[in-house]
Amino acid sequence: MSTIDIALDWSRWPCITMVCPSGLLTCQEEPVPLKSISVTLSIWEFVAGVSATLHYENEESIPLEAFFVFPMDEDSAVYSFEALVDGKKIMAELQDKMQAHTKYENAISQGHQAFLLEEDKCSRDVFCCNVGNLLPGSKVAVTLKYVQELPLEADGALRYVLPAILNPRYQLSGSPEDSCLNMKTPVVPLEDLPYTLSLVATISSQHGIERIQSNCPLRPVEYLGDNKTAAQVSLADGHKFDRDVELLIYYSEVHTPSVAVEMGKPKTKPDCLMEDPLAMVSFYPNIPEAQPPVTCGEFVFLMDRSGSMQCSMSKQDTSQLRIDAAKETLILLLKSLPVGCYFNVYGFGSSYEAFFCNSVKYSQHTMEEALRRVKLMRADLGGTEILTPLQTIYRGPSIPGHPLQLFVFTDGEVTDIFSVIKEVKSNGLRHRCFSFGIGEGASTSLIKGIARVARGTSEFITGKERMQSKALRALKRSLQPVVEDVSLRWDLPPGLSAKVLSPEQTIIFRGQRLIIYAQLIGAMPPAEATGEVCLKYTLQGKSVEDKVTFPLQPKLDDNLTIHRLAAKSFLQTKDMGFQETPAKDKKDVLNISIECGVISSHTAFIAINKDLNQPVQGPLAHRDIPRPILLSPAAVLSEYSGSVFGDNHLVQLISLQRANGSWDLNEGLAMVLGMTVEDILAAIPVKTVDSSSWATVLAVLWLHANGEDVKCEWELLERKAVAWIHIHAGSIIHLLVKAAIAFLKSSVDPAVFAL
């Protein structure tokens with residue numbers, strides 16, 4: 001079977017998504033059969049340990065060199081790589097990347113088997129593995145191990161994602177040619193992929209496990225023990241790598257502050273991070289919601305308008321297109337902005353467009369102009385070049401008293417990730433960045449990286465999740481007062497001190513978990529001794545303290561999980577990629593990476609098997625595992641709708657709201673309410689009252705009666721409306737609300753108007 005190179009016009013077929021699966025990849029026509037992928041997952045509280053094994057077999061009569069390309073969450077600390085070749089285990093060593101490459105090439109040329117694992121030069125969330133001299137008939141099991149912190153969702157769930165989708169990244173001129181993302185491989189229908197995925201997860205928590213959810217079919221959950229403190233769950237048979245695998249874990253109790261102390265590794269060199277015990281501190285600061293939120297700020301929304309935004313939000317034929325969800329999200333954001341702020345909207349692809357030359361003051365006129373342009377938005381700007389619009393935004397003039405808040409929405413299919421992160425980091429002190437990864441395969445390296453260096457938060461929107469909800473939650477966070485003067489105070493026995501390894505925390509958001517790593521230096525006290533750590537911060541002029549007491553007896557963990565996570569936390573702040581890392585930081589990155597056994601962009605795992613009966617002779621053949629092509633015919637063939645509203649009365653109503661929070665009594669409002677303007681006017685209880693006050697009360701009641709399931713999306717604009725009513729209706733607000741409830745035959749509680 002021969003392969004055919006297909007040239008596609010991506011502007012005509014914006015939703016053809018080539019997805020590069022995990023697999024041994026080569027450079028020509030014949031595939032190396034990947035038989036199966038098995039993953040063992042162990043979750044304890046909010047830390048995951050993962051062992052992933054890929055089983056291959058060379059069924060040909062000639063030796064092969066193969067390439068293994070796979071996505072990885074950017075928070076993963078990869079600390080082990082090994083190959084089992086015909087029953088023999090070969091452990092890899094972590095070395096300087098350039099030295100490892102040289103050793104690999106030398107071993108291959110001498111006929112030895114060799115294995116090389118490295119982080120891709122362009123992105124921290126893509127890994128490459130070379131397997132050289134795979135003999136005819138050989139069976140190889142490649143295993144890598146990693147640990148990671150699990151992010152906390154808004155509803156209290158812990159989220160684990162096994163990345164499966166590796167979308168092609170948009171190539172810029174000047175991108176490294178040796179990136180594994182540049183590999184050109186055949187594409188085949190998803191159903192023709194020859195390999196499957198199995199996953200078994202064991203979950204443990206002292207608080208008990210309430211439930212486990214997944215975007216993939218699961219076998220029934222097995223609870224281990226009577227109190228549900230442990231559970232085991234596995235994927236149902238027949239799953240393939242056609243989507244990222246996601247688990248949502250809900251514990252029975254609200255997360256509480258904790259400290260875990262882990263024993264170091266003896267007989268390591270002095271001053272090595274691995275030698276001393278390490279503490280991992282987790283805080284859940286109870287930050288109250290401010291009423292009212294701040295009303296100043298410059299809000300800039302940077303929206304992806306590349307061709308891939310014409311894809312559906314999920315694989316369901318009825319799901320919303322990404323670009324339509326983006327337009328709806330922008331409408332909600334624009335309506336929820338506070339009076340008195342400044343704003344602008346940028347769309348980007350191969351080029352970029354701004355709604356206004358510079359950010360403008362939020363008013364009825366500027367909001368209407370922005371709304372008009374949102375309705376005209378299309379996914380028609382080609383590729384995904386985000387760096388240039390970011391530079392333009394940062395070059396814009398600062399507005400005194402209005403700190404910049406940047407919201408970035410993208411499917412993350414870019415190659416110059418480290419350049420983008422570097423640009424955001426260089427402007428990190430003058431703004432906060434809230435980032436959103438849209439769809440399967442969005443780069444975790446880009447989305448998490450830009451939020452981390454600019455003191456914001458990151459969100460990923462996949463499957464049935466709504467972009468609108470996550471965007472409005474981030475806007476709500478950005479409007480809350482900043483927590484200031486964040487510091488840690490340690491109370492430890494004499495002779496013992498704590499050296500904080502995590503970067504200094506300057507921003508804490510309501511509902512956010514804060515994790516800190518610290519090295520315990522000095523003599524460890526007796527087993528019964530305890531320590532205390534106190535998180536101090538200032539909120540709206542008030543000093544707040546969170547304390548937690550913990551036993552100082554370190555626990556033994558053969559995998560040194562906390563040490564690996566601490567090393568990863570350090571590397572994420574210093575390692576800016578193979579080409580972008582400053583020279584002053586490169587030495588520290590190399591030292592920590594090699595000492596702690598955690599891979600970085602400057603290191604690679606290398607293993608050489610010299611025990612073959614005789615060296616492999618002759619040239620090596622190259623084989624490719626093809627990429628599947630995921631095609632949504634409905635999305636590709638559909639015309640652009642031209643209207644974001646459709647039959648969505650909720651969005652129709654919200655689009656009618658004025659910048660000050662009120663509604664006018666007009667045909668648009670009457671249509672949403674299902675009445676005539678004349679009937680609505682006739683029902684006004686006080687004939688001297690302004691019709692806008694009456695209309696606004698009716699609109700707020702309609703929101704509560706018909707949109708309660710997405711309240712988080714309109715909560716801010718509803719608050720603006722209620723505040724406007726109190727100012728303009730004055731003493732007759734009670735009468736208006738009572739009459740409106742009767743007129744609409746509504747059961748909404750009048751208390752929603754803060755009466």
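Me: In the hairpin of β3 and β4, which residue takes a positive phi?

Reply: In this predicted model, that residue is E45, whose phi is near 55 degrees. The hairpin has two residues between its strands.

Me: How should I read the pairing of the two strands themselves, parallel or antiparallel?

Reply: Strands of a sheet pair through backbone hydrogen bonds, either parallel or antiparallel. Here β3 (residues 34-44) and β4 (residues 47-57) pair in the antiparallel sense, over 10 bridges.

Me: Which strand runs parallel to β3?

Reply: Strand β14, residues 196-204, runs parallel to β3, and nine bridges join the two. One place to look is S36, which stands opposite T196 of β14.

Me: What is the order of the strands in the open sheet of four strands?

Reply: The order is β19-β20-β30-β29, and the pairing is antiparallel. At the edges are β19 (258-262) and β29 (496-500), each of which pairs on one side only. From one strand to the next, the twist averages 30 degrees.

Me: How many bridges hold the pairing of β20 and β30?

Reply: There are six bridges between β20 (residues 278-283) and β30 (residues 514-522), in the antiparallel sense. Within this pair, S282 stands opposite I515 of β30.

Me: Which helix lies across β19, β20 and β30?

Reply: That is helix α8, residues 561-574, which runs at about 70 degrees to β20.

Me: What does L514 touch, leaving aside residues up to four places away in sequence?

Reply: L514 touches V281, S282, F283, Q505, I508 and L535. In the case of L535, the separation is 21 residues in sequence and 9.9 Å in space, taken from C-alpha to C-alpha.

Me: Now to a helix. How does the reach of α14 stand against the expected value?

Reply: Helix α14 spans residues 691-706, which is 16 residues. From its first C-alpha to its last it reaches 22 Å, close to the 22 Å expected at 1.5 Å a residue. At the start of α14, a side-chain oxygen of D690 comes to within 3.1 Å of the backbone nitrogen of S692.

Me: Which residues have the most contacts inside the largest nonpolar core?

Reply: They are L337, F407, F409, L475 and W694, in a core of 83 residues. Helix α14 supplies the largest share of this core, nine residues. A second, separate core has 77 residues, including V50, F70, C129 and I592.

Me: What are the contacts of F407, again without residues up to four places away in sequence?

Reply: F407 touches F299, V300, F301, L302, F434, F436, A474, L475 and S478.

Me: Finally, how many helices and strands does the protein chain have?

Reply: The protein chain has 16 helices and 35 strands. Of its 755 residues, 58% count as buried. Among contacts with a separation of 6 or more, residues 24 or more positions apart account for 76%.

Methods:
Residues are numbered from 1 along each chain as its sequence is written. This is a predicted model: local features need pLDDT of at least 70, side-chain atom pairs count only at pLDDT 80 or more; totals for chains, interfaces and linings use all residues. Side-chain values use heavy atoms; hydrogens and water are left out. The expected span of a helix is 1.5 Å times one less than its number of residues. A polar contact is a pair of N or O atoms within 3.5 Å; within protein, one must be able to donate a hydrogen and the other to accept it, and residues adjacent in sequence count only if both atoms are side-chain atoms. Two strands pair if DSSP finds at least two bridges between them. A nonpolar core is a set of buried Ala, Val, Leu, Ile, Met, Phe, Trp, Tyr and Cys residues joined through side-chain atoms within 4.5 Å. Buried means under 20% relative accessible area, exposed over 50%, partly exposed in between (1.4 Å probe, protein chains only). Contact means heavy atoms within 4.5 Å. Axes are lines fitted to C-alpha atoms, for helices over the stretch in contact, and angles run from 0 to 180 degrees between N-to-C directions.
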